[in-house]
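Subject: Structure handover

Hello,

Here is the structure for you to look through. My notes on what was found come after it.

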Amino acid sequence: PPPPHDRIGYAGPAAGFAGDLPPAAPDRLLLPGLVDLHCHGGGGHGFPDGDTAGVRAAAAHHRRGGTTTLVASLVSAPTEILLARLDVLAPLVRAGELAGVHLEGPFLSAARCGAQDPAALLPGDPALLRRLLAAGVVVSVTLAPETAHADELVAVLREHGALPSFGHTDASAATTTAAVRSAARTGRVSATHLFNGMPPMLSRAPGPVAACLAAAGRGELVVELVADGVHLAPETVAAVFDLVGPAQVALVSDAMAAAGMPDGGYRLGGLPVTVSGGVARLTTGGAIAGGTSRLLDVVRCTVAAGVPLADVVLAATQTPADLLGRTDVGRLVAGARADVLVTDPDLAPVAVLAAGTHLLED
């Protein structure tokens, strides 16, 4: 029987296909639909804003840009606000418009809160985490390895099938290594936007950066990189790929509401953000407040940094899909969901298929 409309029926050499072939298109690239694990919004709307229409518009904005599997990220906020935001997002997760929710906090280091509201941060609280996970739509949680009850928090995440991601941390290399090794014994682990929201690596204070790179090199952890030309230098991005390989790197957008929008005033959660020259910063304090690029823009920047295209695509598709435990997305293989991104040779989007449905680019 023919494959379902939303599935790939054949992937391989044209000579091996039994049906009629479409016209050759040597100036087109076919990539798997992109998988973004860390995204706060786009198209003028933020996932932490609690507006269903805005959430749908933000998700659609990224989908039209080639991100066919999108996790909606929330920032730290008072418990009742987080629960209310999860109530808004849950129906969209169940409908397949979102691949799940990522909680970036609230169990983070105040010393490395970045664009998180320090007043909303809390020490690790397993009972609270269970409340947040109860709706069954949270797929990943960022926590600092030095937070209270870190091992128990990881155990709670495993009970609910959610990914622990270490970040926004001021921990030592030793503390980070111990947390990662403990978590890696029971399943997948990631690091939230490596280098950002943590102290720099120094010769006598290697910190979480060195610990996460070493763990990724051992295959214990996948590192997120916001390779948008703002969060990281291109040489840094290329070095991480050389050190740990694309199977241990997940490219993310960390996009916020201003992605795809002009400079101006926006919000990230409860905090005002000013975007100038395409760079989003907290209006007060000036910390980088998420990105303004879509994941395909990150892919383009990473290729420009000198990373081979095949490695970049893997890090933006299969590696993050594997972190989510998803084998049906992030790859062009028979039986996978029919998510396809078509680009020109400069990686500009030409067409997007999402579950077999054709989407027009903006």
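Some ground rules come next. The model is predicted, so local features need a pLDDT of at least 70 and side-chain atom pairs count only at pLDDT 80 or more, while totals for chains, interfaces and linings use all residues. Residues are numbered from 1 along each chain as its sequence is written, and side-chain values use heavy atoms, with hydrogens and water left out.

On confidence, pLDDT is the predictor's confidence in each residue, from 0 to 100. The protein averages 96, and 98% of the residues score at least 70. Among the elements, strand 11 (residues 249–251) has the highest mean pLDDT, 99, and strand 17 (residues 357–359) has the lowest, 89.

Back to strand 15, which covers residues 340–343. Two strands pair if DSSP finds at least two bridges between them. Strand 15 pairs with strand 1 (residues 29–32) over four bridges, in the antiparallel sense. Four bridges also join strand 15 to strand 16 (residues 349–354), and these two run antiparallel. In that pairing, valine 340 stands opposite leucine 353. Strands 15 and 16 form a hairpin with five residues between them. In the turn, leucine 347 has a positive phi of about 65°.

Which way do the side chains of strand 15 point? In a regular strand the side chains alternate between the two faces of the sheet. Val340 and Val342 point one way, and Leu341 and Thr343 the other. All four are buried, where buried means under 20% relative accessible area, exposed over 50%, and partly exposed in between (1.4 Å probe, protein chains only).

On cysteines, a disulfide is a pair of cysteine sulfur atoms within 2.5 Å, and the structure holds zero of them. Cysteine 39 counts as buried because its relative accessibility is 0%. Cysteine 113 counts as buried at 13%.

Last, the spaces. A 1 Å grid is laid over the protein atoms alone. A cavity is a set of points where a 1.4 Å probe fits but cannot get out; a pocket is an open set with protein on both sides within 12 Å along at least five of seven lines; lining residues have an atom within 4 Å of a point. Grid points are joined across faces, edges and corners, and a volume is the space filled by probe spheres set on the points.

There is one cavity of 30 Å³ or more. The largest cavity has a volume of about 40 Å³, and Leu37, His102, Ser140, Leu163, Ser165, Ser190 and Glu224 line it.

The largest pocket has a volume of about 660 Å³. Of its 20 lining residues, Tyr10, Ala11, Gly12, Pro22 and Leu30 are the closest to its centre. Strand 15 and strand 16 each supply at least two residues of this lining.

The second largest pocket has a volume of about 300 Å³. It is lined by 20 residues, and Gly114, Ala115, His168, His193 and Ile288 lie nearest its centre.

Regards
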